[in-house]
Amino acid sequence: MEGMTDSYVRVRGAREHNLRSVDVDIPRDTVTVFTGVSGSGKSSLAFGTVYAEAQRRYFESVAPYARRLIHQVGAPKVEDITGLPPAVALEQRRSAPTSRSSVGTVTTLSNSLRMLFSRAGTYPDDAPERLDSDAFSPNTAAGACPECHGLGRVHRVTEESLVPDPSLSLRDGAIAAWPGAWQGKNLRDVLAALGYDIDKPWRDLPAADRDWILFTDEQPVVTVHPVREAGRIHRPYQGQYMSAKRYVLHTFADSKSETLRKRVQRYLVSAPCPACGGRRLRPEALAVTFAGRDIAELSGLPLSGLAELLRPTAASDDDGVAPTLARDLVARIDVLTELGLGYLSMDRAAPTLSSGELQRLRLATQLRSGLFGVVYVLDEPSAGLHPADTEALLTVLGRLREAGNTLFVVEHDMDVVRHADWIVDVGPEAGEHGGRVLHSGPVADLAQVTESATRRFLFDDAPRAPRPPREPTGQLSLHGVTLHNLRGVDATFPLGVFTAVTGVSGSGKSTLVTRVLADAVTDHLGAGPDDDEESATRARLAAAKGLEAVDRLVRVDQKPIGRTPRSNLATYTGLFDAVRKVFAATDEARARGYTAGRFSFNVASGRCETCQGEGFIAVELLFLPGTYAPCTACHGARYNAETLEITYRGRTVADVLGMTVDTAADFLADVPAAARSLRTLQDVGLGYLRLGQPATELSGGEAQRIKLATELQRAHRGHTLYLLDEPTTGLHPADTEVLLRQLHGLVDAGNTVVVVEHDMGVVAGADHVVDLGPGGGAAGGRIVATGTPAEVAASADSRTAAYLARRIGG
């Protein structure tokens with residue numbers, strides 16, 4: 001117990017990832033921030049060492065069966081940690097939640113609301129009995145609408161969606177939804193064999209014929225006699241017919257090919273379920289009301305609005321079921337509102353939330369848990385937060401500390417850092433040039449540490465000389481935009497300049513840029529819609545002008561580059577192809593007859609068969625979330641022993657995958673195809689990542705910058721519009737400067753860049769600003785200010801103005 005009487009968590013000999021046998025002492029019962037450039041080792045210290053050791057100790061205390069599984073996962077590389085209480089991690093989750101997950105399920109608010117309806121709802125007079133709370137959930141068989149299975153929407157096809165141009169004949173491709181190449185020709189030949197006219201314009205075919213061709217469930221088999229072509233022998237064959245509807249629905253539901261699913265999705269029409277009207281529940285559940293509304297209506301209200309509706313019930317002196325549940329709901333919603341999330345509704349799908357919003361939802365849940373004496377390890381809780389919302393976050397973190405807890409916060413936001421009690425600065429640079437603790441002590445004392453990359457941004461508040469705004473080469477305007485909380489909005493984006501779109505969380509920024517603007521340009525360029533849960537709902541748009549000036553659209557979002565350890569940085573960017581060719585060209589590889597395919601961990605000949613080339617094996621923990629552990633056969637190398645006998649300059653292909661981008665850039669400097677990819681990754685500040693780093697370990701901000709680097713490698717023709725959603729998320733201010741040089745370089749090359757952004761440093765350096773608000777949710781959705789940064793900073797209506805003015809010294 002000696003460690004717990006000491007008021008410090010003392011770490012000795014931490015060597016996880018790039019940490020260089022770090023010793024550090026951190027006081028308990030404080031808010032301690034871990035800072036440093038991206039890849040410096042701060043997350044390895046906070047999460048990979050401190051939290052991992054606390055988790056290991058917890059596992060050691062549970063059943064022997066569980067302990068056996070834990071040993072597969074391994075222990076952090078650290079000699080000793082004393083004074084360490086139990087720990088709770090709130091990470092920016094890498095995995096995307098399912099479409100059935102919502103704000104209500106993430107926060108468990110939906111459990112209490114269902115209980116309220118079950119026990120205290122107003123039932124119709126003819127209801128046979130009170131319903132169980134499960135009957136009010138669209139995710140259970142007892143509650144889900146039988147027509148749409150609780151999804152609220154149905155996918156169907158129409159003649160208009162399957163046949164966009166009825167003037168064409170079947171031979172000329174009237175049914176656009178049909179597959180191409182031989183498969184499509186086969187279906188046409190089968191129809192001809194069945195006696196249908198495939199040369200008559202579609203609109204001239206009898207209605208009954210058109211209906212059968214598109215929608216029949218019959219699958220007749222006929223003998224097809226192909227048309228003879230010179231020099232080719234065509235024998236009769238048995239061809240089976242499949243209607244366009246059946247082909248589209250079958251491909252969308254069952255195809256393993258993302259490309260095919262994306263293609264047929266264009267021909268699907270998504271509509272609210274006709275049975276439940278999009279409300280996802282059975283009629284008997286929707287017949288029950290509380291305060292005159294059904295549960296679907298209450299779930300659709302902004303959380304702040306729901307709390308107001310429940311307050312009269314919660315204020316009652318009665319200790320009955322309704323007041324007790326209402327008080328619990330109101331208290332929990334008040335914490336969410338304080339964190340700036342009052343604009344969210346309980347039925348908002350979790351995949352549509354940013355990683356910052358998800359983490360703050362979980363943070364609010366922890367605040368209500370009443371735990372005491374715990375270490376909370378947080379991963380950039382300010383990510384995705386407007387400066388106005390950051391102040392509320394600081395209040396909530398202070399309350400967790402006052403409740404007797406310790407907070408270890410990995411953070412890049414200098415406002416959060418300034419308010420901390422203690423700072424651990426790791427660096428000085430990324431990867432092998434980092435991994436040292438430069439300072440552990442009060443925040444003010446960092447001013448004396450000249451090596452620190454954080455010091456300059458923390459203490460140098462002098463406004464930078466503004467760069468004169470560029471002159472636009474044209475403009476792109478959207479009129480009458482209506483989607484989510486945008487109602488009849490008119491927005492103009494100048495072309496040939498750098499535009500920042502700002503506003504508090506939930507004001508409608510991402511909706512306007514990544515949904516409405518992106519969809520308008522996509523439609524104009526003739527590309528298919530995004531294969532996305534969100535894309536089912538399209539914006540209503542009165543008009544869009546100026547689209548003809550854009551030749552290409554590049555959307556760079558924070559979605560994962562892959563969902564398993566098999567996807568990684570090297571494979572996504574394409575540089576691994578060049579690496580495999582280098583190994584295949586070695587004398588030993590050629591002597592053995594090894595091709596480039598041998599060095600792919602996706603091909604059976606070269607990979608380790610125990611882990612199938614993943615380098616990891618999944619460990620199912622039954623009562624806890626599953627995890628990945630290094631493969632016991634190849635120890636994470638991914639390849640079999642024979643493949644690893646081939647070396648290039650003394651290194652195996654597994655060694656190269658283990659290199660950081662910076663190291664590999666030197667090692668492969670004379671391999672042009674690889675060097676170009678590696679240079680662009682360095683240009684966007686990703687020199688610290690390992691080539692084989694699994695997609696599951698990458699943050700949203702890292703995934704976004706990998707996509708940007710991949711895009712920067714390509715040869716560009718014509719005017720390109722780049723849309724980015726908070727590209728500085730997860731970036732130290734020093735790395736932000738590196739990224740901005742690239743983005744401004746794209747504009748200098750004659751392109752247009754539009755970013756959704758909260759970082760006032762980025763906004764201050766933009767040519768044009770569009771500010772939405774004034775609040776979030778129903779209180780937002782309007783454009784409150786536009787113009788140069790100086791013009792927006794002077795706006796009286798904008799909540800961004802004061803923070804922007806402070807940054808530009810206005």
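Residues are numbered from 1 along each chain as its sequence is written. Because the model is predicted, local features need pLDDT of at least 70 and side-chain atom pairs count only at pLDDT 80 or more, while totals for chains, interfaces and linings use all residues; side-chain values use heavy atoms, with hydrogens and water left out.

**The sheet and its helix**

Helices (H or I, at least four residues) and strands (E, at least two) are DSSP runs numbered from the N terminus, and two strands pair if DSSP finds at least two bridges between them. On these terms, three strands make up an open, antiparallel sheet in the order β15-β14-β17. Its edge strands, each of which pairs on one side only, are β15 (486-495) and β17 (543-545). From one strand to the next the twist averages 15 degrees, where axes are lines fitted to C-alpha atoms, for helices over the stretch in contact, and angles run from 0 to 180 degrees between N-to-C directions. Helix α19 (residues 509-525) packs on this sheet and touches β14 and β15, its direction making about 110 degrees with that of β14; contact here means heavy atoms within 4.5 Å. Strand β14 (residues 474-483) pairs with β17 over three bridges in the antiparallel sense, and serine 477 stands opposite lysine 545 in β17.

**Salt bridges**

Side chains of opposite charge can pair when their charged atoms come close. A salt bridge is taken as a side-chain nitrogen of Lys or Arg within 4 Å of a carboxyl oxygen of Asp or Glu, and a search of the whole structure finds 30 of them.

| Aspartate 25 | Arginine 10 | 2.9 Å |

Burial is judged by relative accessible area, with buried meaning under 20%, exposed over 50% and partly exposed in between (1.4 Å probe, protein chains only). Aspartate 519 is buried at 12%, whereas arginine 555 is partly exposed at 29%.

In the salt bridge between aspartate 25 and arginine 10, aspartate 25 lies in strand β2 (residues 22-27) and arginine 10 in strand β1 (residues 8-14), so the pair ties together parts that are 15 residues apart in sequence. Aspartate 25 is partly exposed at 24%, and arginine 10 is partly exposed at 26%.

Elsewhere, salt bridges that share partners join Asp6, Arg10, Arg12 and Asp25 into one network.

Arginine 210 belongs to helix α8 (residues 207-215) and is buried, with a relative accessible area of 18%. Its side chain makes a polar contact of 3.0 Å with that of glutamate 159; such a contact is a pair of N or O atoms within 3.5 Å, and within protein one must be able to donate a hydrogen and the other to accept it, residues adjacent in sequence counting only if both atoms are side-chain atoms. Leaving aside neighbours within four places in sequence, arginine 210 is in contact with Glu159, Trp202, Arg203 and Leu205.

In helix α30 (residues 801-808), the buried residues are Ala801, Tyr803, Leu804 and Ala805, and their cover includes α16 (387-402), α28 (760-764) and α29 (789-793). Glycine 809, with a positive phi near 75 degrees, follows α30.
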